[in-house]
Amino acid sequence: MRKKLLLAGGLKMLSGLLVMGLLLFVPAGTWRYPGGWRLMALLFVPMPVVGAVLYVKAPELLEKRLNSREQEPEQKRVILLSALVFVVGFVLAGIDFHFGWTRLPKAVVVAGCVLFCGAYGLYAEVMRENAWLSRTVEVQEGQQVVDTGLYGVVRHPMYLGVLVLFLSMPLVLGSAVAVVPFLAIPWVLVQRIRNEEQVLETGLPGYGDYRKKVKYRLIPFLW
């Protein structure tokens with residue numbers, strides 16, 4: 001079982017590297033695309049470290065995150081739309097670099113890298129706090145409401161990390177053009193959260209009380 005899990009994780013990472021590389025470097029028309037390498041390094045260098053920690057400390061969580069598939073029709077549409085955002089955003093960033101349409105200031109790129117790393121850290125902390133953190137919208141057997149730590153601030157801290165992570169990507173790439181499609185990400189996450197809360201309200205005991213206790217879904221004092 002452990003060997004299969006290790007193999008599945010390695011294949012998933014390699015396929016992600018290949019797909020992202022094609023989406024970024026083919027439109028750029030060159031391997032000498034600093035923004036593309038910068039994003040891939042920030043995304044994939046920490047990934048085996050996080051995977052190794054999960055492999056040792058929480059192999060069940062790692063398995064769920066590698067193998068889960070959405071069952072909710074609404075979530076399938078949301079995932080399809082988010083995939084489209086990534087494809088359009090990455091391809092536009094590569095084309096932008098190829099033709100030299102826009103170049104973000106170095107300070108903005110650095111800020112994007114800082115935000116990206118901070119969001120990655122937030123995501124890792126959420127995984128540490130919530131042992132039921134599945135990639136899919138579902139209520140698992142024996143699942144309990146987590147209301148401590150970040151979950152005492154907002155009900156969906158994972159999606160807050162995802163929001164910052166995704167919105168910082170075009171900044172890391174150094175492309176103002178790529179910002180445009182990524183602006184759809186907040187709307188995509190809102191749709192996912194609304195559907196997820198309906199599922200949790202129906203199937204997870206205590207979630208209704210948790211909603212009353214923690215007022216904000218995603219961003220404190222805003223929503």
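Start by selecting Q143. Its relative accessibility is 15%, so Q143 counts as buried. The cut-off explains the label: buried means under 20% relative accessible area. Keep in mind that this is a predicted model.

Now look at the surroundings of Q143. The residue is found in the loop between α6 (106-129) and α7 (157-173). Q143 and L204 are 61 residues apart in sequence. In space, their C-alpha atoms are 7.3 Å apart.

**Next stop: D147 and K213**

The structure holds 5 salt bridges. Select D147 and K213 to see one of them. The closest N and O atoms of this pair are 3.2 Å apart. The pair links distant parts of the chain: D147 sits in the loop between α6 and α7, and K213 in helix α10 (residues 207-213). They are 66 residues apart.

How exposed is each partner? D147 has 30% relative accessibility, so D147 counts as partly exposed. K213 has a relative accessible area of 57%, so K213 is exposed. The cut-offs again: exposed means over 50%, and partly exposed lies between that and the buried limit.

**Next stop: E197 and R155**

Select E197 and R155. Their side chains meet in a salt bridge, 2.7 Å from N to O. This pair also links distant parts of the chain. E197 is in helix α9 (residues 185-203), while R155 is in the loop between α6 and α7. The two are 42 residues apart.

Are these two residues buried or exposed? Both E197 and R155 are buried. For E197 the relative accessible area is 3%, which is why E197 is called buried.

**Next stop: R211**

R211 has a relative accessible area of 29%, so R211 is partly exposed.

As background, side chains of opposite charge can pair when their charged atoms come close.

Terms used:
Residues are numbered from 1 along each chain as its sequence is written. This is a predicted model: local features need pLDDT of at least 70, side-chain atom pairs count only at pLDDT 80 or more; totals for chains, interfaces and linings use all residues. Side-chain values use heavy atoms; hydrogens and water are left out. Helices (H or I, at least four residues) and strands (E, at least two) are DSSP runs, numbered from the N terminus. Buried means under 20% relative accessible area, exposed over 50%, partly exposed in between (1.4 Å probe, protein chains only). A salt bridge is a side-chain nitrogen of Lys or Arg within 4 Å of a carboxyl oxygen of Asp or Glu.
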